[in-house]
Amino acid sequence: MSEHVIFVGTYEIPDGAIDDFLAANRDMSEFVKANEPRLVSRHTYISSDLSEATTIMIHPDSQSLEFHLQVAASSIQGGVQIVRTKHMELYGNVSEALIERLQRVSESSGAWPITVKRHLHGFPE
């Protein structure tokens, strides 16, 4: 069974905030690359009109994403001040503690929806 956990976060970039968003996203990528060796991949995509971005992270397991939330907390808080989170999606077998933590962040920062889809089957395993 796959243990990977995929995080998908979609954000609205307010008018006038694109430069701040780009700088914060670049800083976050550098921080994650230097401090989270277990992370499988992290990519951010942006709409052609620069109004919306989506970050996708693939973690080897739920503990890796929990670690990310812990070590990158101050950077995450800074990002929350720049953008409006539209929604988050988690794919894989995530812990209840992780879901609860993200729900607390959501409730304190704008109350966006969080969708969890558990792994059913696939390959390679």
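Glu12 is partly exposed, with a relative accessible area of 33%. In this predicted model, Glu12 pairs with Arg84 in a salt bridge. A search of the whole structure finds four salt bridges. The largest pocket has a volume of about 610 Å³.

**Glu12 and Arg84**
- The closest N and O atoms of Glu12 and Arg84 are 3.0 Å apart.
- Arg84 is partly exposed, at 44% relative accessibility.

**Asp61 and Arg38**
- A salt bridge also joins the side chains of Asp61 and Arg38, at 2.5 Å from N to O.
- Asp61 belongs to the loop between β3 and α2, and Arg38 to the loop between α1 and β2 (41–46), so the pair links parts that are 23 residues apart in sequence.
- Asp61 counts as buried because its relative accessibility is 16%, under the 20% cut-off.
- Arg38 is partly exposed, with a relative accessible area of 44%.

**Lys86 and Glu52**
- Lys86 forms a salt bridge with Glu52, and their closest N and O atoms lie 2.6 Å apart.
- Lys86 is in strand β4 and Glu52 in strand β3, so the pair ties together parts that are 34 residues apart in sequence.
- Lys86 is partly exposed, with a relative accessible area of 31%.
- Glu52 is partly exposed too, with a relative accessible area of 29%.

**The largest pocket**
- The volume of the largest pocket is about 610 Å³.
- The pocket is lined by 30 residues, and the closest to its centre are Tyr11, Met28, Ser75, Ile76 and Gly79.
- By class, the lining has 17 nonpolar, 10 polar and three charged residues.

**Asn93**
- Asn93 is found in the loop between β4 and α4.
- At 24% relative accessibility, Asn93 counts as partly exposed.
- Asn93 and Thr115 are 22 residues apart along the chain, and their C-alpha atoms are separated by 13 Å.

Definitions and conventions
Residues numbered from 1 in each chain as written. Predicted model: local features only at pLDDT ≥ 70, side-chain atom pairs only at ≥ 80, totals over all residues. Heavy atoms only, no water. 1 Å grid on protein atoms, 1.4 Å probe; cavity = no way out; pocket = protein on both sides within 12 Å on 5 of 7 lines; lining within 4 Å. Points joined across faces, edges and corners; volume = space filled by probe spheres on them. Nonpolar A, V, L, I, M, F, W, Y, C, P; charged D, E, K, R; others polar. Helix = DSSP H or I, 4+ residues; strand = E, 2+ residues; numbered from the N terminus. Buried < 20%, exposed > 50% of the residue type's maximum accessible area, 1.4 Å probe, protein only.
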